[in-house]
Amino acid sequence: MAADDVGPMAPFWAIQSADGTPMAEPPRFALARGTVRHVGEAVAALIAESADQARDAAELVQVDYEPLPAIVDAKAAMRKKAPLLHESAPSNVCFRFARGDEAAVGKAFAGAAHIVRLDLINNRLIGAAIEPRAVIADGSAGGKLTLYCATQVPHLIRRAVSEQLKLPQTAIRLVAPDVGGGFGYKGKHYPEETLVAWAARRLRRPIKWIATRSESFLSDNQGRDHQTHAELALDSEGHFLALRVDTIANLGAYVSTFGAAIPSAIYTALLAGVYRTPAIAIRSTGVFTNTSPTDAYRGAGRPEACYVLERLADEAADMLKLDRAEIRRRNLIPADAMPYKTPIGPVYDCGNFPKVFARLLEIAGYDGFAQRRRTAARTARLRGFGIACYVESSGVAPSRFATALGARIGFFEAATIRVQPDGSVQALVGTHNHGQGHATTFAQIISSRFGIPLSSIEIIEGDTDRVPFGSGTFGSRSIAVGGSAIDNAAAKIIEKGKRIAAHLLEASAADMTFGNGVFSIAGTDRRVTLREVARVAYIPKAYPAELELGLADTAVYDPPAFAWSNGAHACEVEIDRDTGEIRVIGYWGVDDVGTVINPMIVEGQIQGGVAQGLGQALRERCVYDLDTGQLLSGSLMDYALPRASDMPVIVSELDESQPCTHNPLGAKGCGEAGSIGAPAAIVNAVLDALRPLGVTDVQLPLTSESVWQAIRASDGR
Ligand code: MCN
């Protein structure tokens, strides 16, 4: 590959440190060159007639490793004497990002009545979609290379591979069919994409690679891994005065595709949350370690921010002897403050946080909780109730803002709609469906716009030769950005349809209306259907001379801002005092995802997110051996995913009263909501159950063992 001058894998987002220096960007090649920096980094590729042959051949490969000291903890990697990962970087620190006003925060802290301090770990997570990653490259024609790839971002991967192989983008067709789930970690560029594409071209034959589950554990991007010190200053009545957050984010051995942006640009923008905190200052330091690179994993920066804020809120309530709901009520941003500019930059266009919160307490029966706790205590069970409020920056935007912050891609979306001569419709969209039901919801948008049945609408995603352009699916952007592009393309077609219809009806286009699939002259019964208009557009017997033939159009939508989803989640747990076993017995969520296109799909998305949040809170722990850097949780036997029996019934309500003000659908994303609120709500519930014993802290994930240890170590008050 070196001889063929295959280039390194450049990240798609480069962060600047607070002092203006660019982040360290050490080269990462598809196969390690000279030094292996994490277990799971590929060192050799074997190509054989069958997978078994390749596996046998791999057994024969001997690598003479000269062991180097390993460092897996980000704080330890920052120490002066820590072994350096990259010769090209002066230290293991990749960037020191900062946001907010440290002077204002210092002043507020100096005059505060109370200060709450917490040290928090946000545990590293391993993605586990139903199917592992896969790449098939077919270069046998010697001309165009077709890459079938389990990715969420087809156009971005085509670009990455074309840049490294120094091919025009048109020389590669990237097809991403059903990929078996993605959860964010399949939305990144991986070495195998480059490697398999290069090998197929070199050998002029198709090459297939499918990861085993073990390979996935070792080499897929992982998520989270923050160590945070957070401080909240309050006045004597429990109003938040200032927030100071210092996070050390473990980036792993290399900067992954969006790996630098998640703990910096994305995470730090969320630290105002739903609260009115006048002064905020955040530092986030990205650090290299000998672990798999970290990057976006469902939630991507938002669960980490929500966890910091909601743990602080409970801690503050405890310190001030205030009810946990009351302290939140006193600090929620009121609806009449919208649009609300947070002290760290983002502006929330809309949202009624107090209303959503009040409704949550109602459906969760918060008022009756004290009684439920007393009843449980009679049988020696510890009962706890936890709350978490969140905001979600769905649909990263706008492109010019993101690129100013270091993004090397645009965050717009493109949609092309083709009305066929028979009135059926094809829509080509740059997003990618891997479990979110786009074929249904996107078709619903078109169906309600055009007044045609879902059965005559086809949604096409995931093929760079068919879909003109796209950024892919991540960051709960598909509805707010892709859906808006579809809606705009539909609007363009209706406008053109009006002109054709006006011609057919010998009227003026300005007098035409459209609804339920019919163009009419306003105030008359003279009408022509979309189907008839489409037919004329392709079989132009009576067609306006000044119009282009055909009925197809493309819209490119670049959102002017994030679509600020928000919500409040609550959880009730019971803990067995003797074993530390935690049972989640109730879970409630009220979510504002703006206008809802399909309530069943949104509910499913929220449930899935809660399951992943529960996994983070109670089960999933990625562990590397501190001395050797070996992954100890390298299989599903060692890494506990939540199971169906762990899941409570989730009572979910959607508040549609606050449609997004700046996109045509009024929709805000929902794909990550559950994974954002759940970890904080669950941990707060467990700590609520344990506080009467004097336990005030247990770090993520809360396993029955760690809870049992905490109970034993407590003074048992
Ligand atoms: N929707 C709706 N009304 C709204 C908001 C959304 O009907 N107001 C619908 C959308 O039309 C879409 C679905 O809900 O069908 C999710 O939309 P959105 O919130 O825009 O999220 P994306 O489609 O962009 O999906 C991304 C998001 C992320 S970031 C991860 S990670 C994730 C997730 O979705 N990975 C998933 N959900 C997943 N679900 C499955 N089954 N598998 C994954 O890998």
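Predicted model: local features only at pLDDT ≥ 70, side-chain atom pairs only at ≥ 80, totals over all residues.
**Stop 1: a link across the chain**

Is Arg 311 buried or exposed? Arg 311 is buried, with a relative accessible area of 1%, whereas Asp 697 is partly exposed at 34%.

**Stop 2: along helix α8**

Stay with α8, which spans residues 302-320, and select Glu 304. Glu 304 is buried but has no salt bridge. The nearest side chain of opposite charge is that of Arg 224, 4.2 Å away; a salt bridge needs the nitrogen and oxygen within 4 Å. What does the side chain of Glu 304 have beside it instead? One of its polar atoms lies 2.9 Å from the backbone nitrogen of Gly 301. Leaving aside neighbours within four places in sequence, Glu 304 is also in contact with Asn 122, Arg 224, His 226 and Tyr 267.

**Stop 3**

Next, pick Glu 231 in strand β9 (residues 226-234) and Arg 117 in strand β2 (residues 114-122). Their side chains meet in a salt bridge, 3.2 Å from N to O, although the two residues are 114 residues apart in the chain. Glu 231 is buried, at 11% relative accessible area.

**Stop 3: one side of a helix**

Move on to helix α15 (residues 530-538) and colour its buried residues: Leu 530, Val 533, Ala 534, Val 536 and Ala 537. Why do they share a side of α15? They cover an arc of only 165 degrees around the axis, which puts them on the same side. An α-helix has 3.6 residues a turn, so residues three or four places apart point the same way. The elements that these buried residues pack against include β15 (413-419), α13 (438-450) and α14 (478-505).

**Stop 4: the ligand**

Finally, select the ligand. Which of the 32 residues around the ligand come nearest? They are Gln 436, His 438, Ser 478, Gln 605 and Cys 670. Zoom in on Ser 478: an N or O atom in its side chain is 2.7 Å from an oxygen atom of the ligand. At Phe 183, a backbone N or O atom lies 2.8 Å from a ligand oxygen. At Lys 668, a backbone N or O atom is 3.4 Å from a nitrogen atom of the ligand.

Conventions: Residues numbered from 1 in each chain as written. Heavy atoms only, no water. Helix = DSSP H or I, 4+ residues; strand = E, 2+ residues; numbered from the N terminus. Buried < 20%, exposed > 50% of the residue type's maximum accessible area, 1.4 Å probe, protein only. Lys, Arg positive; Asp, Glu negative; His and termini not counted. Polar contact = N/O pair within 3.5 Å; in protein donor to acceptor, adjacent residues only side chain to side chain. Contact = heavy atoms within 4.5 Å. Arc of directions from axis to C-beta. Near = heavy atom within 4 Å.
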